[in-house]
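Dear colleague,

Please find the structure for your review below. My notes on a charged surface region and a neighbouring topic, strand pairing, follow it.

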Amino acid sequence: MSASRHIPRSLAKLRNGGLRTIQSHGFHNRTLNATASPVAWSRNSTRVPMSPLTPPSSRGFSTTIPNRHKHLDEPKPGEELWITFIDKDGEQHKLAVCEGDNLLDIAQSHDLEMEGACGGSCACSTCHVIVTDEDYYDKIPEPEDDENDMLDLAFGLTETSRLGCQVKMTKELDGVVVKLPTMTRNLQASDFS
């Protein structure tokens with residue numbers, strides 16, 4: 001068994017039918033003889049055809065764990081705040097969150113159907129939520145002019161409507177219940193410039 005049989009396909013780049021030394025994570029320097037035909041050996045000892053046009057790679061390959069939506073930390077025991085989302089189908093989702101998390105990030109991190117087309121920059125109305133209890137609504141800081149302008153474009157606007165990207169969880173909002181509207185309009189501020 002030759003040394004090249006243990007080199008994964010992605011590392012066995014052949015160059016112009018000559019010899020090439022491969023260095024990689026967990027592998028020793030290995031030399032491949034590519035004069036006969038453009039093939040390499042995979043881990044399961046099968047021949048894998050290689051394209052003669054495959055350019056040599058001089059950079060290593062690494063990966064990182066991607067963040068889902070906007071990554072939120074889990075609340076520490078005893079410090080969690082609770083929020084309940086009522087989705088478009090009427091199903092309730094009670095979630096433990098941290099102080100300072102905004103409703104858009106919370107919904108997206110838990111795969112609830114809230115778009116947030118502008119990325120939370122208060123430039124659309126796709127993160128529109130309806131606070132079900134006026135007492136909780138009164139505890140949320142007053143909306144700024146930008147938010148009011150976007151709320152005017154929201155579908156199903158109510159007296160207790162807010163943009164999820166602009167509402168941050170506080171201890172005063174612990175236990176709040178918000179409802180997602182049955183549909184959204186993706187109109188952005190840039191549509192009117």
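**Surface charge and strand pairing**

Asp133 counts as partly exposed, because its relative accessibility is 31% (buried means under 20% relative accessible area, exposed over 50%, partly exposed in between, with a 1.4 Å probe and protein chains only). The model is predicted, so local features need pLDDT of at least 70 and side-chain atom pairs pLDDT 80 or more, while totals for chains, interfaces and linings use all residues. Residues are numbered from 1 along each chain as its sequence is written, and side-chain values use heavy atoms, without hydrogens and water.

Asp133 lies in the loop between strand E7 (128-131) and helix H2 (134-139); helices (H or I, at least four residues) and strands (E, at least two) are DSSP runs, numbered from the N terminus. Asp133 belongs to a surface patch of negative charge together with Glu134, Asp135, Asp138, Glu142 and Glu159.

Glu159 sits in the loop between helix H3 (145-151) and strand E8 (161-163) and is exposed, at 73% relative accessible area. Glu159 and Glu134 are 25 residues apart in sequence, with a C-alpha to C-alpha distance of 8.9 Å.

E7 pairs with E8 in the antiparallel sense over 3 bridges (pairing requires at least two DSSP bridges), and Val129 stands opposite Arg162 in E8. E7 also runs antiparallel to strand E9 (residues 176-179), joined by 2 bridges, where Val131 faces Val178.

Kind regards

Methods:
Patch = residues over 30% accessible without salt bridge, like charges linked within 9 Å, V, L, I, M, F, W, Y side chains within 5 Å. Areas by Shrake-Rupley, 256 points an atom, 1.4 Å probe, with all protein chains shown as cover. Salt bridge = Lys/Arg side-chain N within 4 Å of Asp/Glu carboxyl O. Lys, Arg positive; Asp, Glu negative; His and termini not counted. Charge placed at Lys NZ, Arg CZ, Asp CG, Glu CD.
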